[in-house]
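Here is a short report on one strand and on some aromatic rings. Look at the structure first, then read on.

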Amino acid sequence: MSDNKKLMDLTITETNETHLPRLPEQLIIFSHLRWDFVYQRPQHLASRLAKLSNLFYIEEPIFDAYERIYFESVVKNKVTVMVPHLKPGLSHEFTIAGLSSLFNVFIAGFDLAYTAFWYYTPMALEFSASYEPQIIIYDCMDELSAFKFAPLNIRTLEKELMLKADLVLTGGRSLYEAKKASHHNIHAFPSSIDMVHFTQARAKGDLPLDQVSGNMPILGFYGVIDERFDIALIADLAEARPDWQIVLIGPVVKIDPDSLPKQVNIQYLGPKTYEQLPGYMAGWDIAMIPFLLNESTRFISPTKTPEYLAAGLPVISTPIFDVVNPYGLNGLVDIGKNAAEFIKLAEDILADKLNEPDRLAIADGFLALNSWDKTFDGIKQEMLKVIAQKNQPLASDRYV
């Protein structure tokens, strides 16, 4: 090989190493979920993205501004959480005008060639669609159009977002199967697990004072209690087994709290922080996923499934598709369609305590292949592929 050829090869190598694509220096997330509501997929991914990019998390508006509209900004885990405050009583048209005004001022100082937009809700297109950032990601974690009180135009806006997005992610396998024909670059990244955090529940330390067992077995649930929650199943379960305690942790939204069953062996403990959850789970004997089978649960992939398993708990779930596959098919979660089946499965679990080490070993082997760090790394690689393919200016001093 000639000296000139060697020099050319060296130059190409150095150039490629110098200009390897990296994540944009600014990343804006548009979310329908408030940062402090329930710690789940957006928070897990945003906290990791914030280590590599300047990250802004824009929530839906609060209508309590009387003198002027404004963004309230708070930094949490290196994430700048931004809440629009608008005037109450606005029509939809003036709400979008207010959001557009706030966002236009906010985005004015950004170089869009080095900025990413990340959507959890297509509704944010109503005030951000005119901008063309370096990369657009749509992380579809739920079929929002099927939820109670969903905006009428959300399906139309999702179609528009599918056209604009460079990369589409789904929070579960069923969502991927339903939407894979809608985008050329769509990938399934199901819910993952923070093993270190949830294995704390296995320590069985001092239990929270507001979780009373009365020396009875505890069947527990945490999450949002809404239109997806099978109220009748819980009522029938509590009625049939008054010698079991049922603990329900989480906020009640979009349903009348008075519609919830009131048996004395049901404890409603309200919302708890992500940090508190392992302490409560340490006192449970069985974890539950008591969801209805309806349009709002057709495509859900409950993050709590691997979290329950990491906590060392046996799990009983209704036949939610993304729980049945893979967890039910792999013998990790028991599946019951109604209260009678839940009771039979729970009785078998409570009578089979001697096999707990084997159950834990199987669950841990499965979860070892699954973590939020691995999920994030996979998503990051897909983002970098898009950035490289779009051939944006890649001056290394523009990236963090």
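Two strands count as paired if DSSP finds at least two bridges between them. This is a predicted model.

Strand β5 covers residues 79–86. Eight of its eight residues are buried, so the strand is largely enclosed by the rest of the structure. In a regular strand, side chains alternate between the two faces of the sheet. Here Val 79, Val 81, Val 83 and His 85 point one way. Thr 80, Met 82, Pro 84 and Leu 86 point the other way.

| Partner of β5 | Bridges | Sense |
|---|---|---|
| β2 (residues 54–58) | four | parallel |
| β3 (residues 62–63) | two | parallel |
| β4 (residues 70–76) | seven | antiparallel |

Phe 56 has Thr 80 in β5 as its bridge partner. Ile 62 stands opposite His 85, and Glu 72 stands opposite Val 83. The hairpin of β4 and β5 has two residues between the strands, and Asn 77 takes a positive phi near 55° there.

**Aromatic rings**

The structure holds 23 aromatic pairs. In one of them, the ring centres of Phe 56 and Phe 106 are 5.3 Å apart with planes at 70°, so the pair is edge-to-face. Phe 56 lies in strand β2 and Phe 106 in helix α3, 50 residues apart. Phe 56 is buried at 16% relative accessible area. Phe 106 is buried too, at 15%.

Phe 221 and Phe 291 also pair edge-to-face, with centres 6.0 Å apart and planes at 80°. Both Phe 221 and Phe 291 are buried. The charged end of Arg 228 sits over the ring of Phe 291, 5.8 Å from its centre.

Technical notes: Residues are numbered from 1 along each chain as its sequence is written. Side-chain values use heavy atoms; hydrogens and water are left out. Buried means under 20% relative accessible area, exposed over 50%, partly exposed in between (1.4 Å probe, protein chains only). Rings of Phe, Tyr and Trp (its six-membered ring) pair if their centres lie within 6.5 Å; planes under 30 degrees apart count as stacked, over 60 as edge-to-face and the rest as tilted. A charge sits over a ring if NZ of Lys or CZ of Arg is within 6 Å of the ring centre and within 35 degrees of the ring normal.
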